[in-house]
Amino acid sequence: MFENLTDKLGNVFKGLTKRGALSEKDVDEALREVRSALLEADVALSVVKEFIDKVRVRAVGEEVLRSVTPGQQVIKIVNDVLIEVLGSNEAELLIDHTPPAIILLVGLQGSGKTTTAGKLALHLKNKKRKKVMLASLDIYRPAAREQLRILGEQAEVSVLPEIDGESPEQIAKRAMAASKVQAIDVLILDTAGRTTLDTAMMSEAKEVFKISKPSETLLVADAMTGQDAVQTAKSFSELIKISGVVLTRSDGDARGGAALSMRSVTGCPIKFVGVSEKLDGLEPFHPDRAAGRILDMGDVVSLVEKAAETIAEEDAAHMMKRMSQGSFDMNDMLKQIGQLKKMGGLGGIMSMLPGIGKLQKQMAANNFNDKAISKQEAIIYSMTKKERVNVALLNASRRKRIAAGSGTAVSDVNRLVKQQQDMARMMKKMGKMGGLGGLKNMMSSLGGGMPNPGEGQNSALDPSKIAELQKMMGGNMPNLGNMANRFGGMGLPGLGGKPSKKRR
Amino acid sequence: MALNWFKKLKSGLSKSASKVEGAIASITGKKTVDQETLDNIEEQLILADLGIEVAARITKKIKDQKFEIKDKKEINQLDISTTLASEIEQILIPCEKNLYEDISSSPHVLFLAGVNGSGKTTTAGKIAEQFRLQNKSVILAASDTFRAAAVEQLKTWGNRVGAEVVFGTDGGDSAAVAYKAFQLAKDKGVDIVIIDTAGRLQNKKDLMEELTKTCRVLSKLDPNAPHQKVVVLDGTVGQNAHSQLKSFDEAIGLTGMIITKLDGSAKGGVVVSLAEKFKIPIHAVGVGEGLDDLQSFEAVSFSKALVGLDD
């Protein structure tokens, strides 16, 4: 919905470039757009207001840097404040308590507590080498305890056996006793879903809290929740002392405004996010990534920073030289693939580009992904040194051998060769042009030959498709020209030009 | 029944309702609806998850409306609330549709889909209970072969309402379970088949295709099946509901929606913008965990409850 926030801000600031500083009026206008974006992302209204005030104070009077547009600059400030609000560091679980340390999971119905309990158990067992026990206090939802037992079996941790007729309080006590006997490090208590308006259920939760004195009380919340998120988080944190939040279903397409609200209102860090339906789909929370996503604006600055970190200057200089000569062989291509991967793969780069949401979806729809890149890598690795330098050597039988060696089809090899040749041609052109080809060329060249791991025939994302996509995205990539300049003129994935350091 | 529904919904919506009332209270003693009041109203509508677009438009309607100033020489708060409610009502009324209205074929297949944790299984059980009360025989199909203990959960509901539950193996083909249930219903002359599918996020392409496939497989037994394709939406969901509805509609062609969990502090206001944008019928609302906690959707009562008016 607000994929084009950058674009809107761009319009707001049209004509501002010549002026020296952001005026209050300019900022106000921009912040109205930001407000809408945040509200569409389901950030709670009270949090939005507070947030906007913070940004305003910081943005007014700020010097407009020559290197970025005013719109980008406001976005940078917005982004910085977002990260601040989300908490700048990853928050660890505090479970180094005299065993058993207890983790209590609470939340609304259907927020994902039971699944999270299973994921958390696996995480603690594998990553932290803890001996874990799961216990379900959910005596209400049909088959809730059975669900936890199955998850416990899958995670290969102990699960407190069920006894019918016990109250949640009794189960909690029994679980604590059992985990002492079994020398359990961490006991995870899964509770029934409850609304904060249900006083009976809330007092039950309070009682369990009193009995178990948990080291961590985690509120499990759905990343897709609306304005009510704040209400829920607030009520929970008022009634039970919460130490952290787990945000589930972050792999959906929700902007996750709830994340911002939760953190602000409870004052507790988000400790984990659920990222898939599988048992290992639980990850520590990265505030910075969430910030970009909430605004769906990408972060050009950090892309540049990342490029600078990833690509050694020498490499860049070498690449530059080779490009200007128009020689670009499989070794160069391999290097590029490596760099692309280091920067977090295609997905990683894409997520940092502004307004690229649509393209990303389109790419997913075409199975155009990191797997395809790994496949290309495999193909090149299956070539001899000579072949890598001189592609002309590749006759039919060599291609067959390479395909067999890399576990691909000959058509995949053919496609890669064609892509390499296209790129070599383009590099030559760009070299001549002094390297001002920009992202656009890069995109079409990338699209030109990426093999599709899915079906055979009509699988490659052809340049015309990419061109279409670009047209479709239209004004949504307003600052590409700018960005290309900042890359020193080279297109991705080569990133040959030495990227300029961030200027502030 | 209607009164019961309203009561339950009202208690659920009371939080948001009292807020809207509070916002309008700032009108006390004023002769015109000033900007402060308008801002307050808009904010409260946003807080109720109506979304900024709809909130802004409804607020503008209030602004353009001439309110009568009677002997008290101030605008009556109630007048504003009534206007608000009627604006929301106008959007919702075309979407009000009874879930049990179009049941002509036998067996009739009702297909439930939705994101994880939205309350599909619970809703399946509650719908089965409604059919039982109408003296219709029901088969429940546990098409969720993915989530741990999903089958057991549905079986418990099956026992409660006296419906047979058809299930497959864990991790098995969900479409096969649906097919088997439909076939069985045909053989046994059962009236209704309710298919409970696994929750899935709408951006998971493969999983959405699985839904399309399941519907296709069912249509082999009857070209019109599934006769109803209903998405179950969590009432606490925010603007992401738009994305959900769009994707599920694209995958299976929705015939309606059911909103759950309106017994909490959630407002379910997103329904208003959904109704306006997608024009998909709203059948029912879930207002609790009990067997009879599924109530037919009533636009007028819902709108009134949303702005804190008594029915």
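**Notes on the two-chain model**

1. Chain B first: 11 helices and 8 strands make up its secondary structure, where helices (H or I, at least four residues) and strands (E, at least two) are DSSP runs numbered from the N terminus. This is a predicted model, in which local features need pLDDT of at least 70 and side-chain atom pairs count only at pLDDT 80 or more, while totals for chains, interfaces and linings use all residues. Residues are numbered from 1 along each chain as its sequence is written, and chains are lettered from A and ligands numbered from 1 in the order in which they are written.

2. Among contacts in chain B with a separation of 6 or more, 78% link residues 24 or more positions apart; two residues are in contact if their C-beta atoms, placed from the backbone, lie within 7 Å.

3. Chain B is assigned domain 1 (2-95) and domain 2 (108-298), with bounds that come from an automatic or database domain assignment. Between them, 19 residues of domain 1 are in contact with 22 residues of domain 2. On the domain 1 side, the elements giving two or more residues are helix 1 (2-25), helix 3 (52-64) and helix 4 of chain B. Helix 1 of chain B gives the most, with 8 residues. That side divides into 12 nonpolar, 3 polar and 4 charged residues; Ala, Val, Leu, Ile, Met, Phe, Trp, Tyr, Cys and Pro count as nonpolar, Asp, Glu, Lys and Arg as charged, and the others, Gly among them, as polar.

4. Now the contact between the chains: 35 residues of chain A meet 35 residues of chain B. Helix 2 (24-40), helix 6 (144-155), helix 9 (228-239) and helix 16 (357-365) of chain A each give two or more residues to the chain A side. Helix 6 of chain A gives the most, with 4 residues. The chain A side holds 13 nonpolar, 14 polar and 8 charged residues.

5. Some backbone geometry deserves a look. Most residues other than glycine have a negative phi, and most peptide bonds are trans. In chain B, the peptide bond from S106(B) to P107(B) is cis, with omega near 0°, and P107(B) sits in the loop between helix 4 (77-92) and strand 1 (108-113).

6. Two alanines have positive phi: A183(A), near 55°, and A149(B), near 65°. A183(A) lies in the loop between helix 7 (168-181) and strand 4 (186-190) of chain A and is exposed, with 9 other C-beta atoms within 10 Å. A149(B) lies in the loop between strand 2 (138-142) and helix 6 (150-161) of chain B and is buried, with 23 C-beta neighbours inside 10 Å.

7. In chain A, an open sheet of 8 strands has the order 3-2-4-1-5-6-7-8 with mixed pairing; strands pair if DSSP finds at least two bridges between them. Strand 3 (158-159) and strand 8 (282-284) of chain A stand at the edges with a single partner each, so one side of each has no neighbour in the sheet. Strand 2 (residues 132-136) and strand 4 of chain A pair in the parallel sense over 5 bridges, and M133(A) has L187(A) in strand 4 as its bridge partner.

8. Helix 7 of chain A lies across strand 2 and strand 4 of chain A, at about 165° to strand 4. Axes are lines fitted to C-alpha atoms, for helices over the stretch in contact, and angles run from 0 to 180 degrees between N-to-C directions.

9. Finally, the largest nonpolar core has 184 residues, and those with the most contacts inside it include L134(A), I188(A), L140(B) and I194(B). Such a core is a set of buried Ala, Val, Leu, Ile, Met, Phe, Trp, Tyr and Cys residues joined through C-beta atoms within 7 Å. Helix 4 (residues 70-86) of chain A supplies the largest share, 8 residues.

Terms used. Buried ≥ 20, exposed ≤ 12 C-beta atoms within 10 Å, placed from the backbone.
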